[in-house]
Amino acid sequence: MSDKRTLPDLAVFGGAPAFDEALHVGRPNLGDRQRFLERVHDILDRRWFTNHGKFVQELDQRLSERIATRHWIAVCNVTIALVLAIRGLGMSGEVIVSSFAFVAAAHWLKWQAITPVFCDVDPRTHNLDPERVEELVTPRTTGIIGVHVWGRACSIERLTEIARARGLKLAFDAAHAFACSHKGVLIGGFGDAEVFSFHATKFMSSFEGGAIATNDDGLAARVRLMKNFGFSGYDNVIYVGTNGKMPEVCAAMGLSSLESLEEIIAVNRRNYLAYRQGLARVPGLTLVEYDPSVQSNYQYVVLEVDEERAGLSRDQLVRVLHAENVLARRYFHPGCHAMEPYRSYFPHSRLLLPHTERLCARVMTLPNGTAVTPEHIERIGSILRYCVENAREVGSRLAAVVDGRGPGR
Ligand SMILES: Cc1ncc(COP(=O)(O)O)c(C=O)c1O
């Protein structure tokens, strides 16, 4: 272990990196390799690679056994799940979305000639602020898409009330929230639809993949048609559609991942608690908390950096960590509203999104998952502690590096 005791020990100033191999925020979890390979052999033996095969059907079934929503429909990724939900729910005109979010929802709204209206978040929960949502409803608004950021549920009741009162559709991007609960109920059946990601970086993974969960029979029927080009039986297209099918090999991975879910959550939780202990008394660094009375997947270890108290900014700390081979991520930096084409369409939106702007400048996520050990976390914690304890020196040396005066020793 390369301890950081002096400035030159930091890799950003020329020291040896703390880790030989990069530590990623979402390095894939493997699940049971043997079970996965058995399934792959089965796929090859049967020569059934896609088109609603046995494993996709089994995955839909297992998902609905785990989370009691009437319909679970596996698809090729959550971005397609979002587009199917947006179209299937008939959203048009304007849809209110969070800007402190992954850009997928904004893109798919735009792609369907719907205006994404960016709404500010509650600084405590990082989720859509329902009071701000209400202010943004216009005669053109048809829907709201909330994100359960970090797996912590949105203000579901309040958003449902607003949607009902205004006749709006309500969907949730639950990409972070598989196996998380809200008031004793697993996320999956709230709003008109909830969509999940099983991307490789998510804790439950099918390489690429996602699913739509809904209790709406009509929506489920439309989604099933749309994900397969609108085919209803051989040669019979009855609806506009696309290719949203999940391949069998992805479903095989999804099933193996599902079978290992409890172990993965236990590792995530152990790691989360280790980070919490290691960073407990570091001024200006606050870990996002998970309410112990709700179920969480603990996938996201989220640090908020208060520059005034820590003496260093989030970006400065990320720079130090990257040099050490700790690939911390700035989430959801810089915010959808600050990305093109949205930045040019809505040049003043920054003024309306003060909490989003603040979070985008302060939040980072740290590596978690089964590839991360308590020893890794101890080392990451000690780097962060050293930097904050020596913030003034680290800050001025970082500024010198930026100025081109070189790291120096
Ligand atoms: C909140 C959120 N929504 C959507 C996505 C897109 O997921 P996918 O790659 O499955 O399309 C991500 C990906 O990280 C995400 O974090």
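The legends below describe close-up views of a predicted model. Local features require pLDDT of at least 70, side-chain atom pairs count only at pLDDT 80 or more, and totals for chains, interfaces and linings use all residues. Residues are numbered from 1 along each chain as its sequence is written, and side-chain values use heavy atoms, with hydrogens and water left out.

**View 1. The largest pocket and its lining residues.** A pocket is an open set of points on a 1 Å grid over the protein atoms alone, with protein on both sides within 12 Å along at least five of seven lines; lining residues have an atom within 4 Å of a point. The largest pocket holds about 660 Å³ of space, where a volume is the space filled by probe spheres set on the points, and grid points are joined across faces, edges and corners. Its lining comprises 29 residues, and Phe-102, Thr-201, Lys-202, Arg-329 and Tyr-331 lie nearest the centre. By class, 14 of the lining residues are nonpolar, ten polar and five charged; Ala, Val, Leu, Ile, Met, Phe, Trp, Tyr, Cys and Pro count as nonpolar, Asp, Glu, Lys and Arg as charged, and the others, Gly among them, as polar. Helix H3 (residues 78–88) gives the most to this lining, with three residues. Helices (H or I, at least four residues) and strands (E, at least two) are DSSP runs, numbered from the N terminus.

**View 2. The largest cavity and its lining.** A cavity is a set of grid points where a 1.4 Å probe fits but cannot get out. Two cavities of 30 Å³ or more are counted, and the largest holds about 60 Å³ of space. Residues lining the largest cavity include Val-97, Ser-98, Phe-102, Phe-118, Asp-173 and Cys-336. Strand E3 (94–98), helix H4 (104–111) and strand E5 (141–147) are the elements that give two or more residues to this lining. The lining divides into nine nonpolar residues, one polar and one charged.

**View 3. The second largest cavity and its lining.** About 50 Å³ of space lies in the second largest cavity. Among the lining residues are His-176, Phe-178, Phe-198, Lys-202, Met-204, Asn-297 and Tyr-300. Seven of the lining residues are nonpolar, four polar and one charged.

**View 4. A salt bridge between Lys-4 and Glu-324.** A salt bridge is a side-chain nitrogen of Lys or Arg within 4 Å of a carboxyl oxygen of Asp or Glu, and the whole structure contains 27 of them. The side chains of Lys-4 and Glu-324 meet at 2.8 Å, N to O. This pair links distant parts of the chain, 320 residues apart: Lys-4 is in the segment before strand E1 (23–24), and Glu-324 is in the loop between helix H11 (314–323) and E13. Lys-4 counts as buried at 8% relative accessibility, as does Glu-324 at 0%; buried means under 20% relative accessible area, exposed over 50%, and partly exposed in between (1.4 Å probe, protein chains only).

View 5. Arg-35 pairs with Glu-38, the closest N and O atoms being 2.7 Å apart. Arg-35 is partly exposed, at 30% relative accessible area, and Glu-38 is partly exposed at 39%. Arg-35 and Glu-38 also belong to a network of salt bridges that includes Arg-39, Glu-58, Arg-62 and Glu-259. In a separate pair, Glu-131 and Arg-158 form a salt bridge of 3.3 Å, N to O.

View 6. Cis peptide bonds join His-333 to Pro-334, with omega about 0 degrees, and Glu-340 to Pro-341, with omega about 5 degrees. His-52 is partly exposed at 36% relative accessible area, whereas Tyr-298 counts as buried at 10%.
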